[in-house]
Protein chains: 2
Amino acid sequence: MDELVGQHPRRGEFEAADAASEAGRGQAAEKDWCIELEGERYAGLHLLVEFWDAKHLDDVEFIEATLIAGARAANATLLETKFHKFSPNGGVTGVALLAESHISIHTWPEHAYAAIDVFMCGACNPHDAVPVLERGFEPGRSEIMEHRRGKIEP
Amino acid sequence: MDELVGQHPRRGEFEAADAASEAGRGQAAEKDWCIELEGERYAGLHLLVEFWDAKHLDDVEFIEATLIAGARAANATLLETKFHKFSPNGGVTGVALLAESHISIHTWPEHAYAAIDVFMCGACNPHDAVPVLERGFEPGRSEIMEHRRGKIEP
């Protein structure tokens, strides 16, 4: 377990490295930890991504790089990644832990299928990660479900 | 990244420690990697768990122990856990990586809210983890959404 001090964007304690980030995050803590959608507030946006007829699903280094690129595209803050590869089928399971939540992946190369989750709070938009994931895994067919997590009652 | 050989239940390569597990998992690989529900086959079951008015959301050791207990209740195989704690609000983000997928958690102690995901494939039932999570975090209100991930066309 790692203790992070003053680095959590959603807590309003983030010390941004640049003025643009600071402008977006340096508001009241009550506002920073959530997102606003159609007049309602939520803890975060969670995309359940299904990729079929996808590629590179047994390549751990490629998968890790693609998840990191997806996190960056969404302006998320990477904390660490953890991956496991299974033999003999080459399935990969792993996660990129973010200050804004996580991206996870589980692959079944023998079925060319991957289940990916992109869950982000704060100023990040998980939809910005999707084109990067699609370019990487080249799915022939995909389904994306959006869930709004943690609705905040007024 | 860790290389696991012959320990992936969903690949039919699992060398079970006991006869009961062996009986459940030692079938054809095509059958092992998925679950059957109402005559349809899926890669896994994914529960999106929302806990409100919950407790212990800033206690990393408690959260880790509770997630591990939940994984055990569902007969899942724990690979490793990773947690981060944020200051000053005490929010925790973390994951228990499983051979059967993962349990993740993100907490907002200042709002007594936790977003938990329980995603399991193979012979595990993620619903078996929920009572353990409820006993641990004592939510005053909870919502659980079930998603069937990776539908396999016949």
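Predicted model: local features only at pLDDT ≥ 70, side-chain atom pairs only at ≥ 80, totals over all residues.
1. Confidence. Chain A has a mean pLDDT of 82, with 79% of its residues at 70 or more. Residues 3–31 of chain A are below 50, yet this stretch has 50 contacts in the model beyond near neighbours in sequence. The scores are ipTM 0.82 and pTM 0.82.

2. Buried side of H4(A). Helix H4 of chain A spans residues 130–137, and its buried residues are A:Leu133, A:Gly136 and A:Phe137. These lie on the same side of H4(A) because they cover an arc of only 80° around the axis. An α-helix has 3.6 residues a turn, so residues three or four places apart point the same way. The cover over the buried residues includes strand E3 (40–52), helix H3 (60–73) and strand E7 (113–121) of chain A.

3. Opposite face. A:Pro131 and A:Arg135 are exposed, on the face of H4(A) turned away from its buried side.

4. Most residues other than glycine have a negative phi. A:Glu138 belongs to the loop between H4 and strand E8 (141–152) of chain A, and is exposed because 12 other C-beta atoms lie within 10 Å. A:His56, also not a glycine, has a positive phi of about 65°. A:His56 sits in the loop between E3 and H3 of chain A and counts as partly exposed, with 18 C-beta neighbours inside 10 Å.

5. Cis peptides. The bond joining A:Ser87 and A:Pro88 is cis, with omega about 5°; A:Pro88 is in the loop between strands E4 (78–87) and E5 (92–98) of chain A. In chain B, the peptide bond from B:Ser87 to B:Pro88 is cis, with omega near 5°, and B:Pro88 is in the loop between strands E4 (78–87) and E5 (92–98) of chain B.

Notes
Residues numbered from 1 in each chain as written. Chains lettered and ligands numbered in written order. pLDDT = per-residue confidence, 0-100. Contact = placed C-beta atoms within 7 Å. Buried ≥ 20, exposed ≤ 12 C-beta atoms within 10 Å, placed from the backbone. Helix = DSSP H or I, 4+ residues; strand = E, 2+ residues; numbered from the N terminus. Arc of directions from axis to C-beta.
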